Amino acid sequence: MITPYLTPKVSIGMPIYNGEQFICDALDSLLAQTYSNFELIISDNASTDKTEQICRSYASRDKRIRYIKQQQNKGAPYNFQFVLNEAIGEYFMWAAADDRRHERFLELSTTVLEEDKTTNLVFSDMKTLNLLTGESSISSIGHIINKKKHWKYLFRLLNECPSFIYGLHRTQELKKIEVGKYDFFDVHLSHHYEMNSNIKVIPLVLYTAGTNGNRIPYSLTDDHINPKTFLRNEWSLLKTNISTPVALLLYILALYIYKKQTAKINNTLHKNQ
């Protein structure tokens, strides 16, 4: 049995719902980390499968794990916010029940945050893995060195990575941002970091995003994607940090990109209904 540290340096939050099929591999990859000073908070959103049984079994063997069963399903945003609110570590990381981490993910990521106080988020290059067929693809994410806010925003706008949300964050900085109950919140979060601090990407494939067949986005608020709140928050972010003429140009580009992307996603959702 592994006992927890008195004060964990890292908090890992795993919001989950009916994850019995792949959660064992996800938990094994976290518990195998070479950096072991962490707590793992699992919030089960009233699962109806064997998720509870599996999580309680792991928690009985490793005291770093804290399992909480919600009495009713309150939705993904609530569950993401709940595990963040429970975190006591200096650094925080969300973990999905179908994703995997290289054993050195935490070790290398914490080193970056310890050495560079201007960085609030660390991620890595990633693999997308179809857990049913074994097919995979590699994505090189990259980060920008230029410190000018408009260039940083433009770089991230053109190099979108929603999976940044699963990187390692500074807990107190992340807690200043309420988990948004709107579509594209994960994208807005990365833009917030680019404008107000730095994002560092480790040029190694340390994170694997698991998919159960095709990874089709879904709306947090409706049966289709709605970018209205996201775009409103993007404009607020831009005009607060950049001169109005440049902010307007970047907003028009963001508007074009996400209106087009929204139409494409909604078309896919309609075909799969």
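Tutor: Leaving out residues up to four places away in sequence, Phe230 touches Tyr182, Asp183, Phe184, Val187, His188 and Tyr258. This is a predicted model, and the contacts are computed from it. Phe230 is found in helix H8. Its relative accessible area is 0%, so Phe230 is buried, the cut-off being under 20%. One of the residues Phe230 touches is Asp183. Phe230 and Asp183 are 47 residues apart in sequence, while their C-alpha atoms are 6.6 Å apart in space.

Phe184, also touched by Phe230, lies in the loop between helix H6 (171-174) and H7. Phi of Phe184 is near 70°, which is a positive value in a residue other than glycine. With a relative accessibility of 11%, Phe184 counts as buried.

Helix H7 covers residues 185-196, twelve residues in total. From its first C-alpha to its last, H7 reaches 16 Å, close to the 16 Å expected at 1.5 Å a residue. Nine of the twelve residues of H7 are buried, so this helix is largely enclosed by the rest of the structure. Those buried residues are Phe185, Val187, His188, Leu189, Ser190, His191, Tyr193, Glu194 and Met195. Val187 and His188 are among the residues that touch Phe230.

How do H7 and H8 lie relative to each other? The two helices pack at an angle of about 5°, with their axes 10 Å apart. Angles under 35 degrees count as roughly parallel, and H7 and H8 are therefore roughly parallel to each other. On the H7 side of this contact are Val187, His188, His191, His192, Met195 and Asn196. The H8 side consists of Phe230, Asn233, Glu234, Leu237, Leu238 and Asn241. By type, the residues of the contact divide into five nonpolar, six polar and one charged. An α-helix has 3.6 residues a turn, so residues three or four places apart point the same way.

Strand S9 covers residues 198-211, and eleven bridges join it to strand S6 (residues 119-130). S6 and S9 run parallel. At one place in this pairing, Asp125 stands opposite Val205 in S9. Nine of the twelve residues of S6 are buried, so this strand is largely enclosed by the rest of the structure.

S6 has other pairings. With strand S8 (residues 168-170), S6 pairs in the antiparallel sense over two bridges. There Val122 stands opposite Leu168 in S8. S6 is also joined to strand S7 (residues 136-139) by four bridges, and these strands run antiparallel. Lys127 stands opposite Ile138 in S7. S6 and S7 form a hairpin with five residues between them, and Gly134 in the turn has a positive phi of about 85°.

Strand S1 (residues 10-16) is another enclosed strand: seven of its seven residues are buried, so it is largely enclosed by the rest of the structure. In a regular strand the side chains alternate between the two faces of the sheet. Both faces of S1 are covered, with Val10, Ile12, Met14 and Ile16 buried on one side and Ser11, Gly13 and Pro15 buried on the other. S1 pairs with strand S2 (residues 38-44) in the parallel sense over seven bridges. Within that pairing, Ile12 stands opposite Leu40 in S2.

The last stop is the loop between S2 and helix H2, which holds Ala46. Ala46 has a positive phi of about 60° although it is not a glycine. At 18% relative accessibility, Ala46 counts as buried. Asp49 lies in the loop between S2 and helix H2 (51-61) too. Asp49 is partly exposed, with a relative accessible area of 24%. Apart from its neighbours within four places in sequence, Asp49 is in contact with Asn18, Gly19 and Glu20. The C-alpha atoms of Asp49 and Ser197 are separated by 41 Å, and these two residues are 148 residues apart along the chain.

Methods
Residues numbered from 1 in each chain as written. Predicted model: local features only at pLDDT ≥ 70, side-chain atom pairs only at ≥ 80, totals over all residues. Heavy atoms only, no water. Buried < 20%, exposed > 50% of the residue type's maximum accessible area, 1.4 Å probe, protein only. Pairing = 2+ DSSP bridges. Expected span 1.5 Å × (residues − 1). Axes fitted to C-alpha atoms, helices over the stretch in contact; angles between N-to-C directions. Parallel < 35°, antiparallel > 145°, perpendicular 65-115°, else oblique. Contact = heavy atoms within 4.5 Å. Nonpolar A, V, L, I, M, F, W, Y, C, P; charged D, E, K, R; others polar.
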